[in-house]
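Subject: Structure handover

Hello,

Here is the structure I promised you. Please open it first, then read my notes below.

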Amino acid sequence: MRAYLSALVVSSATLLASASAPAQQVNGTLGSPGATTTITGQQLPPPDPKFGGVIKDGALQSKPWWPPRVAPPRGAPNVLLIITDDAGFGVPSTFGGVIPTPTMDRIANSGLRYNRVFSTALCSPTRAALITGRNHHSAGFGVISEQATGFPGYNSIIAKDKATIGRILLDNGYSTSWFGKDHNTPAFAASQVGPFDQWPTGMGFEYFYGFVGGDANQWEPNLFRNTTQIYPFLGKEPGTWNLVTAMADDAIDWMTRVHQTDPSKPVLIKYAPGATHAPHHPTKEWVDKISKLHLFDEGWNKVRDQIFENQKRLGVIPMDTKLSPWPKDILKEWDQLTADEKKLYIRQAEVFAAFAAYSDHEIGRVIQAFEDLGKLDNTLIIYINGDNGTSAEGGPLGTPNEVAFFNGVSVPVDVQLAKYYDVWGTEQTYNHMSAGWSWAFDAPFSWFKQNASQLGGTNQNMVVSWPARIKDKGGLREQFIHVIDVVPTILEAAGIRAPEMVDGIKQAPIEGTSFAYTFDKTNAKVSTRHKTQYFEMMGQWALYNEGWFLSTKVNRAPWEAFGPANPDPLNNQVLQLYNLTQDFSQTEDLAAKNPQKVKELKEMFVAEARKYHVFPMDASVAARVIAPRPNITAGRSEFVYTRPMTGLPQGDSPLLLDTSYTITADIEVPADGAEGMILTSGGRFAGYGFYLLKNKPVFLWNLLDLQRIKWEGTEALSPGRHTIAFDFKYEGTGVGTLAYNSFSGLAQPGTGTLLVDGKQVDTKRMPKTLPMILQWDESFDIGSDTLTGVNDSDYKPPFPLTAKLNKLTVKVDRPQLSPDDIKKLQAAMQAASDGPVGEDLDLVQKIEMRIDQREGCRKQADAKGLGPIERIGFVHNCMKQ
């Protein structure tokens, strides 16, 4: 007994030195098979206890002794941590929204509402902060993983000195799981090569069922169980299987199995549905339900006003809150729209709302499962609405294909209506709504996701229930809370300390502050314990300090992501100052009246930024998507494959954008001919495919589901061995121009040539190429095609290759900048940095000028009667003039 205690429990001297250290709790007799014990938690995993029995020469003279199982402290609750995606303050009915969210209402009515809960303004960063209790830069997620750069605050790697809540609770005796979105695995570590230490199962979550990346097609997702890709939707009729329901089913199955196996063991479930991130993919049942309500027929201005009035009526915002003016400079008011625009935008909003309501319903099924198991009373439910504000990444028009946005392409309203209106939200779209709705759904605040200096990007809301502990049912809490506060809150609720050592590595301090004190009604109105918090996202930044809020004026709408970045985002800014204790919605700028306070808070921001790895600050957006990262293809120019292989993610596969390349396949055609996929990357919404169709070779580029360019062989391949190849010569200077704040090397033309046994059979020039990214939730597949195909009219996946593949070679010849190229780029960058700074030209005016310029270019393209892709190329060149 003494040997065991000396190994597993801290010494009395240490206990005296740390008053917060929990006392050991033992159930049963130590050494017996059923004994359990708590641990101090200072060191994870805990050291193995010394044997406490007796060993003699013979077993009959000896006494056995079993090490006790580790268990959490008595009364430790189950934890259901829910976070939805891309949803602003005005989305749920719980906080005044017009979209019905009865599950969130239920939790609020049995627990507490919180109206000052803050995110980081972007997905991965918020989620990294949520599971570590550290600021997003501290956790390596200054931006999303797909934009990672080689600096500690931005490399998308959660360091080993920042154990997650999953790991802490697991080693303290919980069963842990993660369902839905995993946006915290580096894009360059998402393949089956691993490493898997940054996957949920490597970060302390024993079970994972979900997708890796920023979003997923909810009808045919890149879905994993633990680290194995699964395809439960195969063979199902389109529109009958949806991940939103499937993950609820899987979560209920998992928690039931755990309960039935060991009813005493508490669970942690991180529940992260893809809703309401694009693509908005609800079932038809839910679209029909919402459409019948006619919630959006009067347009976004009146809907926003209605949400605002609802919020005041419910008391979730102060009665004297002001609603900022509509941003006429960047978004049309509803009355200015054409009938076609209104028709399209109403449909977009209905599908978005259906997605939100559908997701809330399925969350309700999971909560009901806790009640059915008799576990709800001692379950801490934290339901956070949104990991950032509502997304405006659909742009002013919305888009049927979010991949188009990430390549800088806007799809005209007439094209959306003609081709996509009737299938909006189905498997035929990767849809996103107009930013007009996003502004409305962020009421009472301004701006959107990505805008870290504005409350529309960061001020979320949350409901919390724990029936055994929280008695102030329906109460409102207004203390400042940040997502980094969730981990220390859960630990306090469970009676578990943050570890000092994990796997022999000293842990960095938790940076959040527990808000468990707000659970008590007596503390309903006490001041927040979280006094200071910085914000930064892609060069926009802010600082909160005891009610004061210093923020940068917005200098870029989220859809304006493809121009040169602000070269000095720390200083080249217009600074604004707000007193949030008196100005809930950030509408009255006090900077001119309080220059000393502005100076003081900026100095405080700089100190926080240095402390938490915010520097070097980078205002680039799209440029970081295509920037090189240390994936398994880095430094390689030739890739050889000798057998079929599927599921290699975009971040770990050869990138064929903005470069020359040659793909060569050595195949053997059987006597009766062959067909099938040789190589594909991407899918229905952007990608390429190299395949045999009716025994003829085809290479096809799918340009954002707007145009498909095809190279075809004219003759069927004879039986026997053949070499078929596709050679592409790119005419641009490549991604190297991004280092000089220039996009000029991207999206340039190129010429493709299809060859059979060394003979040219088809040649075409592509006037424009994709600059940034293929469809990211699809993979690089050899020998068949997983998920969606690049051309539905030619084939349906999996389209297995019936020829024998002997060898497939991909050679990449990336452009290199010449000394003359570099001189020109340096001169252009210098000229740009010598131009007017933000103080000289209102930055919102810059956005307005840019939008006016784009609109003029579009009108010129319309007058020429150009097709979609030609129109895109014309507008792109026009914008550069």
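This is a predicted model: local features need pLDDT of at least 70, side-chain atom pairs count only at pLDDT 80 or more; totals for chains, interfaces and linings use all residues.

**A loop to start with**

Ala747 is found in the loop between β29 and β30. Helices and strands here are DSSP runs, numbered from the N terminus: helices are H or I with at least four residues, strands are E with at least two. The phi of Ala747 is positive, near 65 degrees, and this residue is not a glycine. Ala747 counts as buried, at 7% relative accessibility. Buried means under 20% relative accessible area, exposed means over 50%, and partly exposed lies in between (1.4 Å probe, protein chains only).

Leu738 sits in the loop between β29 (720-730) and β30 (750-756). Is Leu738 buried or exposed? Leu738 is buried, because its relative accessible area is 16%. Leaving out residues up to four places away in sequence, Leu738 touches Ala623, Ile626, Phe743 and Leu746. A contact means heavy atoms within 4.5 Å. Pro564 is 174 residues from Leu738 along the chain, yet their C-alpha atoms are separated by 8.9 Å.

Residues are numbered from 1 along each chain as its sequence is written, and side-chain values use heavy atoms, with hydrogens and water left out.

The pLDDT is the predictor's confidence in each residue, from 0 to 100. The chain averages 93, and 92% of the residues score at least 70. Residues 1-19 stay under 50 in pLDDT, and the model gives them 28 contacts beyond four places in sequence. Residues 836-848 are also below 50, with 21 contacts beyond near neighbours in sequence.

**The whole chain**

The chain has 19 helices and 33 strands. Its radius of gyration is 28 Å, close to the 29 Å that the globule rule gives for 881 residues, so the chain is as compact as a globular protein of that length. That radius is taken over C-alpha atoms, and the rule is 2.2 Å times the number of residues to the power 0.38. The C-alpha atoms fill a box of roughly 85 × 80 × 60 Å along the principal axes. Of the 881 residues, 62% are buried. Take the contacts with a separation of 6 or more: 75% of them join residues 24 or more positions apart.

UniProt lists residues 77-496 as "domain: Sulfatase N-terminal", in an unreviewed entry. UniProt positions follow the numbering used here, feature names are shortened, and annotations may be inferred rather than shown by experiment. Residues 77-496 are 32% helix and 14% strand, and their end C-alpha atoms are 11 Å apart.

**Helix α9**

Helix α9 covers residues 339-372. Its 34 residues should span 50 Å at 1.5 Å a residue, and its end C-alpha atoms are 49 Å apart, which agrees. The expected span is 1.5 Å times one less than the number of residues. In α9, 25 of the 34 residues are buried. Gly374 follows α9, with a positive phi near 75 degrees.

**Backbone details**

Which residues does a cis peptide bond join? One joins Ala278 and Pro279, with omega about 0 degrees. Pro279 is in the loop between β11 (267-272) and α7 (284-291). A cis bond also joins Ala443 and Pro444, with omega about 10 degrees.

Pro444 lies in the loop between α12 (435-441) and α13 (455-458). Gln450 is in the loop between α12 and α13. Gln450 is not a glycine, but its phi is positive, about 85 degrees. At 3% relative accessibility, Gln450 counts as buried.

Best wishes
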